[in-house]
Amino acid sequence: MPTFHVETPPVSYDVVVERGILDRAAHYVPAKGGKVFVVSTEEVWRHQCARLERGLAAIPHEVLFLPGGEDQKRLAPVERLAEEMVARGGDRSSLVVAFGGGIVTDMAGFLAAIFMRGIPVVQIPTTLLAQVDAAIGGKTGVNLEIGKNLIGSFHQPLAVLIDASVLDTLPDREYRAGLYEILKAGVIRSEPLFRFLAESSAAVLARHPEAVDRIIAESVGIKAEVVSADEREGGLRRILNFGHTFGHALEAETGYTRFLHGEAVAFGMRAAVYLAQMTGHVSAEDAVDILEAIRLYGPIPPLAGISADRLLARLVSDKKTIQGKVHFVLPERIGEVKVVSGIGGDLALSAIQAALA
Ligand SMILES: NC(=O)c1ccc[n+]([C@@H]2O[C@H](COP(=O)([O-])OP(=O)(O)OC[C@H]3O[C@@H](n4cnc5c(N)ncnc54)[C@H](O)[C@@H]3O)[C@@H](O)[C@H]2O)c1
Ligand SMILES: [Zn+2]
């Protein structure tokens with residue numbers, strides 16, 4: 001299985017994709033470091049602690065728990081854990097091992113970014129979404145009342161260990177939510193990945209190991225490449241937001257409770273495809289193919305009762321607006337997208353209505 005390399009101006013690191021890598025986790029924790037804090041949630045720990053404990057057996061470590069859930073992705077639990085780390089002898093030589101889904105990778109990564117002004121973090125993602133997206137690229141943070149991920153920091157990990165075998169216990173809905181981010185990777189950067197997902201949905205949904213390993217490796221490769229080219233999202237990295245402009249609006253409008261992140265991205269990709277079609281960016285044929293692939297991995301929860309006007313209003317307040325302008329990532333053909341601004345509100349509204357219908 002492959003190892004990918006992320007190279008950013010401050011640091012470079014390996015993203016190892018390998019079944020069984022958890023058994024060798026200790027190899028990625030520097031021997032002369034200080035205290036090692038594994039940060040997880042009780043739920044993830046219950047399902048997967050045996051594997052990680054085996055891998056870290058040679059290294060003294062303590063396990064700390066964050067609460068799970070998007071509504072708990074806030075500053076207060078990060079502060080509580082920092083207090084606990086100090087109480088347990090943590091200092092500037094400590095290290096965090098983040099072990100969980102995207103909420104843990106974002107929060108534990110942020111904890112590491114700000115604890116004693118920054119200590120290293122090893123990311124070990126346990127959801128499909130975190131494996132192909134959240135754990136790679138160094139974006140860490142928590143939500144504010146008013147919106148998602150509004151405080152945070154770039155903090156690149158020491159290494160990212162991706163072991164597909166931890167997905168054995170992942171609920172089906174969470175698995176499918178992660179598949180949407182992989183589909184996103186195909187649409188923005190890889191026609192072969194997209195076609196594989198479109199043609200092999202039965203194997204992918206049944207979690208055949210060869211299929212799962214292949215799509216994880218390909219999307220990790222894409223994320224590593226994009227982040228290496230543009231750590232801070234000045235240019236290329238913005239393509240990763242395909243489906244996210246509309247998706248974030250849907251998540252916010254429904255209080256982060258009705259849709260999983262990946263499901264909201266699926267809705268957002270549909271809206272973006274409709275918008276691309278209305279503005280003449282994508283052919284009808286490619287649009288149909290993308291919409292069909294999204295459908296194959298669904299359904300997402302019902303959209304009944306959601307107001308298109310309110311979603312449009314949310315778009316404008318998204319932090320991704322730059323000087324008040326909403327930037328949309330629109331497909332031009334499968335494997336290629338373009339960042340477009342200056343699209344009128346009426347067109348965006350029509351795209352939202354089409355995606356809600
Ligand atoms: N930093 C980034 O670049 C980035 C990118 C994408 C998403 N994110 C963030 O990721 C978060 C969503 O992450 P998520 O979808 O992984 O959600 P999550 O972290 O809430 O995990 C989903 C659920 O799966 C459970 N779980 C995790 N691993 C498991 C396993 N192996 N077996 C059984 N259950 C398991 C968790 O306990 C949780 O209930 C959002 O907050 C989003 O903002 C960040
Ligand atoms: Zn995402």
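Q: How many helices and strands does the protein have?
A: This is a predicted model, so read every feature below as computed. The protein has 13 helices and eleven strands. Its radius of gyration is 20 Å, close to the 21 Å that the globule rule gives for 357 residues, so the protein is as compact as a globular protein of that length.

Q: What does the C-alpha trace span along its principal axes?
A: The spans are about 60 × 40 × 40 Å.

Q: How do I read burial, and what percentage of the residues count as buried?
A: Relative accessible area is the guide. Under 20% means buried, and over 50% means exposed. Here 56% of the 357 residues count as buried. The accessible surface comes to about 14,500 Å². Carbon and sulfur atoms hold 53% of that surface.

Q: What share of the contacts comes from residues 24 or more positions apart?
A: Take the contacts with a separation of 6 or more. Residues 24 or more positions apart account for 76% of them.

Q: How many positive and negative side chains are there?
A: There are 36 positive and 43 negative side chains. The centres of the two sets lie 3 Å apart.

Q: Which residues coordinate the zinc ion (ligand 2)?
A: To read a metal site, list the donor atoms and then their places along the chain. The zinc ion (ligand 2) is coordinated by Glu-181 through OE, and by His-244 and His-261 through NE2. The distances are 2.0 to 2.1 Å. Along the chain, the donors follow the spacing E-x62-H-x16-H. Glu-181 and His-244 link distant parts of the chain, 63 residues apart. Glu-181 sits in helix α5 (residues 172–189), and His-244 sits in helix α9 (residues 244–253).

Q: Are Glu-181 and His-244 buried or exposed?
A: Both Glu-181 and His-244 are buried.

Q: What should I look for in the backbone angles?
A: Most residues other than glycine have a negative phi, and most peptide bonds are trans. Now look for departures. The peptide bond from Gly-298 to Pro-299 is cis, with omega near 0 degrees. Pro-299 is in the loop between α11 (284–296) and α12 (308–317).

Q: Where do Arg-207 and Tyr-256 lie, and what is phi in each?
A: Arg-207 has a positive phi, near 60 degrees. Its place is the loop between α7 (201–205) and α8 (209–229). Arg-207 is partly exposed, with a relative accessible area of 22%. Tyr-256 is not a glycine either, yet its phi is positive, at about 60 degrees. Tyr-256 lies in the loop between α9 and α10 (261–278).

Q: How do I read the surroundings of one residue, say Gln-123?
A: Check its element, then its burial, then its contacts. Gln-123 lies in strand β6 (residues 121–125). Its relative accessible area is 4%, so Gln-123 is buried. Leaving out residues up to four places away in sequence, Gln-123 touches several others, including Ala-98, Thr-105, Pro-157 and Leu-161.

Q: What does Asp-23 touch, and where is its place?
A: Asp-23 is in the loop between β2 (12–17) and β3 (36–41). At 36% relative accessibility, Asp-23 counts as partly exposed. Again leaving out residues up to four places away in sequence, Asp-23 touches Arg-51, Arg-54 and Gly-55.

Q: How many residues along the chain separate Asp-23 and Leu-193, and what separates their C-alpha atoms?
A: Asp-23 and Leu-193 are 170 residues apart along the chain, and their C-alpha atoms are separated by 29 Å.

Technical notes. Residues are numbered from 1 along each chain as its sequence is written. Chains are lettered from A and ligands numbered from 1 in the order in which they are written. This is a predicted model: local features need pLDDT of at least 70, side-chain atom pairs count only at pLDDT 80 or more; totals for chains, interfaces and linings use all residues. Side-chain values use heavy atoms; hydrogens and water are left out. Donors are N, O and S atoms within 2.8 Å of the metal (3.2 Å for Na, K and Ca); water is not among the atoms, so sites may look incomplete. Helices (H or I, at least four residues) and strands (E, at least two) are DSSP runs, numbered from the N terminus. Buried means under 20% relative accessible area, exposed over 50%, partly exposed in between (1.4 Å probe, protein chains only). The radius of gyration is taken over C-alpha atoms; the globule rule is 2.2 Å times the number of residues to the power 0.38. Contact means heavy atoms within 4.5 Å. Accessible areas come from the Shrake-Rupley method with a 1.4 Å probe; for residues, only the protein chains shown count as cover. Lys and Arg count as positive and Asp and Glu as negative; His and the chain ends are not counted. The place of a charge is taken as NZ of Lys, CZ of Arg, CG of Asp or CD of Glu.
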